[in-house]
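Subject: Handover of the two-chain model

Hello,

Here is the structure I said I would pass on. My notes follow below it.

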Amino acid sequence: MKFLSIFALLLFVATPLAGFAAEDDKVHQGIFVENPGTDLWRDVRQRNFAMEGSSQVKSVDSNILINPQGDEWARFRVGVLVRFASITLVIITGLLLLHYVTGGRMKIEGGRSGRVLLRFSDFERVAHWTLAIIFLFLAITGLMLLFGRPVLIPLFGHELFSLLASASKEGHNLIGPIFLVSLVLVLVRFVTRNIYASGDLNWLLKGGGLFGRSHVSSGFFNLGEKAWYWILILAGLVISVSGVILVMPNFGQGREIMEMSHKVHSIAAIVLIAVSMGHIYLATAGTEGTLEGMKTGYVDLKWAETHHDQWAQECQDKNLTISSEEFARLQGKAVDKSSTVAKEQG
Amino acid sequence: MGSIIDGSLWYFSLTVFVIGVVWNLVRIVFGKRKADFSIPRDSAVAGALRTLISRFIPDRHMLPRISLQVVAGYMFHLGLFVLLFFAAPHVRFLDEHILGFGWSPAPHWLFIVSAQFAFLGLIMLWLHRVINVVSRLISDRGDHIAAILTFVVMLTGCLALLETFNELRLLHRLSVELWLIYFPFSRLMHAFTFVPSRMFTGAWFGRRGVGS
């Protein structure tokens, strides 16, 4: 009897345990429930191309439920593109700083001559600065949109960034098409002076004198300036066309074209921003007297002889140089007689 | 801050603008002038109206020298006119807050294109003012403030285009209010004074039988 009682007790305890063990097995095996949607969603989602279906909505891409290429584009935008942009801009900034620190500002050899010559007309300077202002606005707003997630959100938080992003996007989209107009103005006005001429190759082979500190003979524009001009025009046109495709999505272009346009737009813009940093550096901190050409239209004769000796010679042959006093008069400034006398005596 | 911009500052700026503009115009139109004793050779009224219209067309001898100002000037002024009076948000605002009635706004694409024309025109005009020696010498601080303030108004409007963020709308409205306060004391008054100015000149010449 005692034995039977112990057996019954063990049976009582063991039965639930066996039940738990059986449940554990069930859990490990999983419960299979027939879901008719599974295969459908697998077909829709787990593939590397867009599956076309049918829809009552008649518009571009409306028959595609999920476009896997969109994921690829999003990964490219937040990953590759941001890395490419960061590395490019950091390298360019570093190179320019290095050049400034090691070589410093390129000065006019022998100082100013006291005679100046007209380099850019009023219209050319208006066209240049119009393009410059619009380009800088677009570059700043574009970079704010690109670096929003990795840089601006940690700095400003989501709420302020969403406001900045909205403002940047609207500003970028509205001002963007004006860039094309100002680019065409610059293209038309400066194209004849930016065509390859004999002697340009020699300038290139000598590195433009940038690193050796020896100046190389050139005409109105040297090959470096011509290269900048054509990079600006070509990259600018690529940016403009891809930008128009992006900002006007009502011409039947699908997502793939938009994504491709965005990639092309961003890469060309980063390249142009990087090269423009070099242009801005060389025209301001990098070279003495260059910015004056775009501010007043006139440059010093010595500057011209240093950087564009062939053009300077042409101007001298045609007697196109004027004295700095005459230049001051043309600018509506009072002439400093004492400095003039000192210069003549010295 | 938002309530001040939407409330008291708005009413203050509107009051300054209206009183300032009316006062300036009354002063110009009804101000004391020397009596004209010349023998009338032709109609002064016809001359006034003729000059009011003819000044819209640039002189053909001058045109090659002023083509930039003419083209950019028309781009800016026509763009701004469409932007100001036919942009849907502005028509709605005028209807709800000032006039009590509205009209059909321009389509969105026209609104955007006119804004682009206005921006490009204003930038080029201001650059010409700074770059061209003669323009620079006849310009004073007030001209630059007027141009920059107008640009800021347009820019803040452009940034608030999505009409989603109240802060951006307030920024635009604040810049408009500063513009309205500055308007009567500045060259911005030419938006109104160009009419009496041209008409007085035209009447003066017209009375003497001189074309202008």
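In which loop of chain B is B:E163 found? B:E163 is in the loop between α8 (141–159) and α9 (166–182) of chain B. Its phi is near 55°, a positive value in a residue that is not glycine. B:E163 counts as exposed, because it has 12 C-beta neighbours inside 10 Å and the cut-off for exposed is 12 or fewer.

Before the rest, a word on confidence. This is a predicted model, with an ipTM of 0.90 and a pTM of 0.85. For chain B the average pLDDT is 94, and 100% of the residues score at least 70.

Chain A overall

Chain A contains 13 helices and 3 strands. Of its 346 residues, 24% are buried. Taking the contacts in chain A with a separation of 6 or more, 68% are between residues 24 or more positions apart.

The sheet

The 3 strands of chain A form an open sheet with antiparallel pairing, in the order β2-β1-β3. β2 (298–300) and β3 (322–323) of chain A are at the edges and have a single partner strand each, so one side of each has no neighbour in the sheet. Strand β1 (residues 115–118) of chain A runs antiparallel to β2(A) and is joined to it by 3 bridges. Within this part of the sheet, A:L118 stands opposite A:Y298 in β2(A).

The loop that lies between α11 (309–317) and β3 of chain A holds A:N319. Like B:E163, which has a positive phi without being glycine, A:N319 is a residue other than glycine with a positive phi, here near 60°. A:N319 is exposed, because 7 other C-beta atoms lie within 10 Å and exposed means 12 or fewer.

Helix α3

Helix α3 (residues 68–102) of chain A has 35 residues, which at 1.5 Å a residue should span 51 Å; the end C-alpha atoms are 50 Å apart, so the two values agree. After α3(A) comes A:G104, with a positive phi near 75°.

A:L95 is also part of helix α3 of chain A. A:L95 has 14 C-beta neighbours inside 10 Å and therefore counts as partly exposed, a class that falls between the limit of 12 or fewer for exposed and 20 or more for buried. A:L95 and A:T130 are 35 residues apart along the chain, and their C-alpha atoms are separated by 28 Å.

The contact between the chains

How many residues does each chain give to the contact? Chain A gives 20 residues and chain B gives 22 residues. On the side of chain A that touches chain B, the elements that supply two or more residues are α4 (122–146) and α5 (148–190) of chain A. The largest share of that side comes from α5(A), with 10 residues. By residue class, the side of chain A that touches chain B is made up of 12 nonpolar, 5 polar and 3 charged residues. The size of an interface is often given as the accessible area lost when the parts come together. For this contact I list residue counts: 20 residues from chain A and 22 residues from chain B.

Regards

Note on methods:
Residues are numbered from 1 along each chain as its sequence is written. Chains are lettered from A and ligands numbered from 1 in the order in which they are written. This is a predicted model: local features need pLDDT of at least 70, side-chain atom pairs count only at pLDDT 80 or more; totals for chains, interfaces and linings use all residues. Two residues are in contact if their C-beta atoms, placed from the backbone, lie within 7 Å. Helices (H or I, at least four residues) and strands (E, at least two) are DSSP runs, numbered from the N terminus. Ala, Val, Leu, Ile, Met, Phe, Trp, Tyr, Cys and Pro count as nonpolar, Asp, Glu, Lys and Arg as charged, and the others, Gly among them, as polar. Two strands pair if DSSP finds at least two bridges between them. The expected span of a helix is 1.5 Å times one less than its number of residues. pLDDT is the predictor's confidence in each residue, from 0 to 100.
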